[in-house]
Amino acid sequence: MRLIAIGLGWIVGMVPVAVWDAPWWMGAAWLAASTPALIAVGPIRGRYALAVCLTLAAVVGGWRLERGSGTDVPPWIGLVGQEVRLIGPVESEPNRGDITNSYVVRIESLSSTSGDSYSGGRVMAYLNQYDEFLPGDRLTLEGRIDLPPRFEGFDYRAHLARGGISATLFRPYVVSTSAGDASLARWLTRQRLRLDRSLQRSLPEPASSLASGIAFGRDDGLSSADKEQFNRAGLRHLVAVSGSNVTIVAAFVYILAVPTVGRRWAWIPAGIAIAGYLGAAGFAPSVLRAGLMAGIFLFGSVIGRPQSGLPALFAAIIAMTLVAPTLATDSGFLLSATATAGIITLFPHFEARLRQLTTGWRYVPIPVWMCQATALTLAATVATMPIMWVTFGRISLVSPIANVV
């Protein structure tokens, strides 16, 4: 109960900052104003220390998000629309498009034709589709710098701005390149690209890109039409690494390890498998959240403490947004967290209700597993519906049916 309350306070503190760009203290002020009622007749009745912890969590959460999500205008923004020369290292793995490979490049030096020179900030560089670089590689690029576009129904400019990316370079001329120093990020990216290429050699398109998306989240090879079909059906999560992937990996390894090394030590191979899969999935926010939750469960099994989903979920949310506050505005992380919360809280009630409704169906018996699959889908759909509406401006009415199937 204590961790759940603190987690709720943390979220309340972040919501005004993330949604309305309000001051960091706004969420804490809401809680402080409602504290007398909560203590008198609310769920924390008479628990004064817990009310203080809840308010403090809101203060820290709001302050951390405001400090961590600063979107300062880079000094070179006045050069938008001009030809520039940019020098800086690659900070992302390649993201395939129809005719390009895109990379996030950190600016160490940016100069215009007039001789003005600046530094700081990031750009999204769309290079030739056959160019392949790794994190840490240093590039010297020449081309026109532009503001990211805004599409109907999706503000791509705001999406990139949340990640600190202020401009784009489309098909710039690559003047020179140099390999970066050895690092874990470079090694993991190289292994992910090898897995991706092995699937491309083994399967035809779009099956290879579909397999890459399902296995470790590299769905960039799918065409725009295929991605739109997944979006319309509410099945895009199938080609993005989610908590279900981590659950399958951890549970499978744990079940196999119990007869071999015993239940006491089965958490070790399961933990190693989780760490390996996190690396293969590129440390996506949704996977990190699931990995932290799985780690908490495994640790609870080791020390013999009772394990509960909601405290583990809130612990993961607090830890991740404390380190990387901008995750609080990342749609993938929000959808993953809210879907998990919906499954934990709503699934038991939906399942019980469906079993109750279908018990008397003598001529059309409904198996228990179908009730479970339907309840699971409805719980995740209901929980994520507000995020889907606010982020994408639409809700897929066929999503529950498609996900049950």
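**A charged pair and its surroundings**

Modeller: At 33% relative accessibility, Arg85 counts as partly exposed, a class that lies between buried (under 20% relative accessible area) and exposed (over 50%), judged with a 1.4 Å probe and protein chains only. The model is predicted, so local features need a pLDDT of at least 70 and side-chain atom pairs count only at pLDDT 80 or more, whereas totals for chains, interfaces and linings use all residues. Residues are numbered from 1 along each chain as its sequence is written, and side-chain values use heavy atoms, with hydrogens and water left out.

The partner of Arg85 is Glu142, and the two side chains meet in a salt bridge with an N to O distance of 2.4 Å. A salt bridge here is a side-chain nitrogen of Lys or Arg within 4 Å of a carboxyl oxygen of Asp or Glu. This pair links distant parts of the chain, with Glu142 in strand S7 (residues 138–146) and Arg85 in strand S1, 57 residues apart. Helices (H or I, at least four residues) and strands (E, at least two) are DSSP runs, numbered from the N terminus. Glu142 is also partly exposed, with a relative accessible area of 31%.

Strand S1 (residues 83–89) in turn pairs with strand S4 (residues 109–112) in the antiparallel sense over four bridges, where two strands pair if DSSP finds at least two bridges between them. In this pairing, Ile87 has Ser109 in S4 as its bridge partner. S4 also pairs with strand S5 (residues 117–118), again in the antiparallel sense, over two bridges, and Leu110 stands opposite Tyr118 in S5.

Returning to charged pairs, a search of the whole structure finds 17 salt bridges. One further example is Glu132 with Arg197, whose closest N and O atoms are 2.9 Å apart. Glu132 lies in the loop between S6 and S7 while Arg197 is in helix H5, so the pair ties together parts that are 65 residues apart in sequence. Both ends are partly exposed, Glu132 at 45% relative accessibility and Arg197 at 31%. Another salt bridge joins Arg218 and Asp220, with closest N and O atoms 2.8 Å apart, and here both residues are buried. Arg218 and Asp220 also belong to a network of salt bridges that links them with Glu93, Arg96, Arg192 and Asp196.

Rings of Phe, Tyr and Trp (its six-membered ring) pair if their centres lie within 6.5 Å, and planes under 30 degrees apart count as stacked, over 60 as edge-to-face and the rest as tilted. By this rule the count comes to four aromatic pairs. In one of them, the rings of Trp20 and Trp30 have centres 6.0 Å apart and planes at 70°, so the pair is edge-to-face. Trp20 sits in helix H1 (residues 2–20) and Trp30 in helix H2 (residues 26–40), so parts that are 10 residues apart in sequence are tied together. Trp20 is exposed at 56% relative accessibility, whereas Trp30 is partly exposed at 40%. Tyr126 and Phe170 form a tilted pair, 6.2 Å centre to centre with 45° between the planes. Since Tyr126 lies in strand S6 (residues 122–128) and Phe170 in strand S8 (residues 165–170), this pair ties together parts that are 44 residues apart in sequence. Tyr126 is buried, with a relative accessible area of 17%, but Phe170 is exposed at 54%.

Arg171, in the loop between S8 and strand S9 (173–178), has a phi near 50°, a positive value in a residue other than glycine, and its relative accessibility of 39% makes it partly exposed. Asp21, in the loop between H1 and H2, likewise has a positive phi, about 55°, although it is not a glycine, and Asp21 is exposed, with a relative accessible area of 66%.
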